[in-house]
Amino acid sequence: MAPPAVSELPPQCDPVVTAPSVDRRACVRLLVGLLGAVSLARSSVVREHLLPAADLENWLRRYGPGRLGDSVVLGRLGASYLASHPEEREPGRLARLILRDSAAPVESGMIESIRQDWSRHDVTLVEGWVLSRTEARICAAMHLVGGRPV
Amino acid sequence: VIEDLRQSAPGSTITADICLIGAGAAGITIAREFAGSAQRICVVEGGGTQYEYQESQQLYAGDSVGAPVVLEAGRLRFLGGTTNHWTGRCAPLDELDFLQRDWIPHSGWPLDRAELDPYYLRARQVAGFPTPWLSDRETLANLNVTLPAINEQWLQPFLWHFTPHSKDAPAWKWATAYGPLLQESNNIRVLLHANFAAFTTSQDRTRIRSLTVRSMNGVSATINATKFVICCGGIENARLLLLAAEANGGGFGNDNDLVGRFFMQHPRGPAGLIVSSELMSRTQQQFNILFGRDGLAVEIGLALAPQLQQRERLLNCSGVLRYQGDPDSGLAIAQDIWRSLEGGNWPPEMGEKVGRMAGDIGDVARGVKQRLAAGHSMDFEGSKGVPSRSAILVLDLEQAPNPDSRITLAPDRDALGLRRVRADWQLGELERRTAARFASLAGAEFARLGIGRCRIEPWLQSDQVAVTSALTETYHYIGTTRMADDPGAGVIDRNCAVHGMQNLFVAGSSVFPTAGQANPTFTIVALALRLADHLKT
């Protein structure tokens with residue numbers, strides 16, 4: 001066997017872990033969309049808009065892009081989620097799943113659902129992102145309302 | 001005394017009480033235990049005092065036919081052995097790692113963690129730590145770190161203690177630390193460039209009579225000893241037993257065809273990317289390699305909680321964050337300006353850069369201070385010091401014992417005429433399932449705590465992606481001469497004696513029946529100390 005070309009220096013220890021295949025700029029673009037959901041879940045002082053739960057669709061149209069982030073990116077995530085959960089495509093059902101029959105205003109209801117998701121580890125992968133189930137459904141709702149501000 | 005076989009008289013005979021084959025972490029640790037005693041110790045080492053490719057390292061070449069194993073690079077064949085490229089990361093195995101877990105076939109050690117605890121304490125001293133082992137809580141206090149409220153039912157903080165280091169020796173090197181002791185001890189004789197050639201045995205093959213060693217220039221010697229210990233690392237230990245069994249028509253712990261099987265490592269790979277809209281400065285002060293008031297480094301990561309491993313029937317797994325420097329941070333811009341000025345050039349767009357630096361002045365000041373305090377240049381790209389908005393979550397996995405993942409003898413021979421090794425490293429779906437669960441839990445916890453959002457790697461999203469596309473070896477070669485009370489289940493017994501042999505022992509990570517997730521060297525040293533105590537009796 002011919003000796004392979006090996007450096008005369010000892011090899012280094014820890015093998016290098018190569019960077020993940022995620023494109024960083026794409027991540028940052030997507031992050032812009034996710035930021036709203038992050039801040040929503042973490043927000044301790046929330047400006048309530050005092051709309052009834054049934055008005056989730058209205059809320060998303062009026063406040064979604066401002067409060068949640070880039071509606072196009074969120075809508076794309078929502079479409080991905082719905083593709084694997086077609087049974088949730090009906091807006092009324094989606095609203096009930098998001099707000100869980102809470103009597104609280106929409107934003108408080110969403111935050112509470114997201115908190116419950118984290119505590120139960122009720123999460124889902126959407127395009128590889130770890131989202132709470134409610135976050136994914138909010139994205140789905142954004143997709144269904146078209147993501148356009150009124 | 002340290003001698004070179006190449007310069008010895010051909011055909012000499014050495015008589016010893018104990019012959020240690022291999023001078024790495026295990027061999028030197030055992031020899032050290034006998035320094036100054038009445039026992040005559042002979043240590044044979046295939047290499048010299050430095051890395052030499054032609055003279056020694058090339059003997060480690062072999063075939064890799066499964067997941068890639070870089071046989072020539074992962075191990076080092078000279079005084080100090082593979083500690084010569086060790087990073088000094090120490091952690092004991094967990095209690096659960098020792099137990100028989102019904103969801104992991106072939107798991108379970110014949111001893112428990114409590115039996116190793118006193119040896120872990122001694123191992124810390126052997127590994128150069130000047131202070132006793134602190135609890136995790138005390139260590140965190142020493143580091144002045146408060147960790148976020150991770151859900152410890154799922155994930156727990158895990159601490160790796162780094163051996164003392166200096167600029168010249170970035171980790172505790174056994175040869176550097178104990179070379180002088182070996183040189184000065186009258187009862188220890190170290191033979192360098194002394195490669196294993198053959199054992200001679202009693203007629204019934206239950207007792208080793210002598211070992212023949214040979215240098216690459218053809219000088220041979222015979223060592224007659226009462227006891228022999230193979231301490232050549234997780235692959236070579238198996239190879240020597242296989243070679244001896246082949247040459248002697250059986251025996252050497254291989255009557256049940258177990259030598260070389262259950263070959264494991266700690267597969268390592270990226271699980272996901274954590275991204276944040278803000279600089280991760282706070283997280284970088286928590287999950288990172290940090291220095292305590294005693295000057296010692298500790299890495300803080302996360303590990304799967306034992307109760308979760310049990311409940312969800314998973315392997316052990318840990319993860320650390322590797323931060324990616326943010327090119328738009330004030331510190332990165334300051335470094336850019338520094339490099340330009342040092343090269344004699346006025347930085348382009350200086351006004352804008354100064355403005356952006358000013359907007360990030362806190363991190364710039366902190367980064368400059370850290371570099372000055374550590375004696376580094378402004379150029380230094382440390383993991384801790386570079387402000388980041390993203391980090392790779394890197395996992396170290398326990399691998400499930402698998403009899404088909406194995407070391408065998410290859411048909412071709414090395415320069416000394418001995419058959420080379422063939423490594424068939426196999427990974428399974430339990431490793432993927434464990435990693436996917438860890439990544440999902442960590443991603444959710446990081447989101448809940450506001451640390452960042454996690455995008456999980458493709459190999460953890462689909463079983464159609466080969467695990468070998470993401471997982472690499474860590475040079476932690478484990479399991480090939482596993483410990484078991486039953487000769488039908490292992491190669492050595494609880495005292496590291498080869499089943500069926502009266503005076504042959506094995507030391508090193510090859511004896512671990514399971515691997516846990518912690519780096520093996522610390523446990524290698526603890527087990528070597530335990531074996532030394534046994535040999536004294």
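Which residues touch the most other members of the largest nonpolar core? In this predicted model, local features need pLDDT of at least 70 and side-chain atom pairs count only at pLDDT 80 or more, whereas totals for chains, interfaces and linings use all residues. Residues are numbered from 1 along each chain as its sequence is written, chains are lettered from A and ligands numbered from 1 in the order in which they are written, and side-chain values use heavy atoms, with hydrogens and water left out.

The core holds 189 residues, and those touching the most other members are Ile30(B), Phe199(B), Leu211(B), Val229(B) and Leu504(B). A nonpolar core is a set of buried Ala, Val, Leu, Ile, Met, Phe, Trp, Tyr and Cys residues joined through side-chain atoms within 4.5 Å; buried means under 20% relative accessible area, with a 1.4 Å probe and protein chains only. Helix α13 (residues 521–536) of chain B gives the most to this core, with 10 residues. Helices (H or I, at least four residues) and strands (E, at least two) are DSSP runs, numbered from the N terminus.

Strand β7 (residues 188–192) of chain B is mostly covered, since 4 of its 5 residues are buried. Strands pair if DSSP finds at least two bridges between them. Strand β1 (residues 2–4) of chain B pairs with β7(B) in the parallel sense over 3 bridges, and strand β3 (residues 41–44) of chain B runs parallel to β7(B), joined by 4 bridges. Leu191(B) in β7(B) stands opposite Glu3(B) and opposite Val44(B).

Elsewhere in chain B, an open sheet of 3 strands has the order β4-β17-β16, with mixed pairing. Strands β4 (62–64) and β16 (406–413) of chain B each have a single partner strand, so one side of each is left without a neighbour in the sheet.

Note on methods
Buried < 20%, exposed > 50% of the residue type's maximum accessible area, 1.4 Å probe, protein only.
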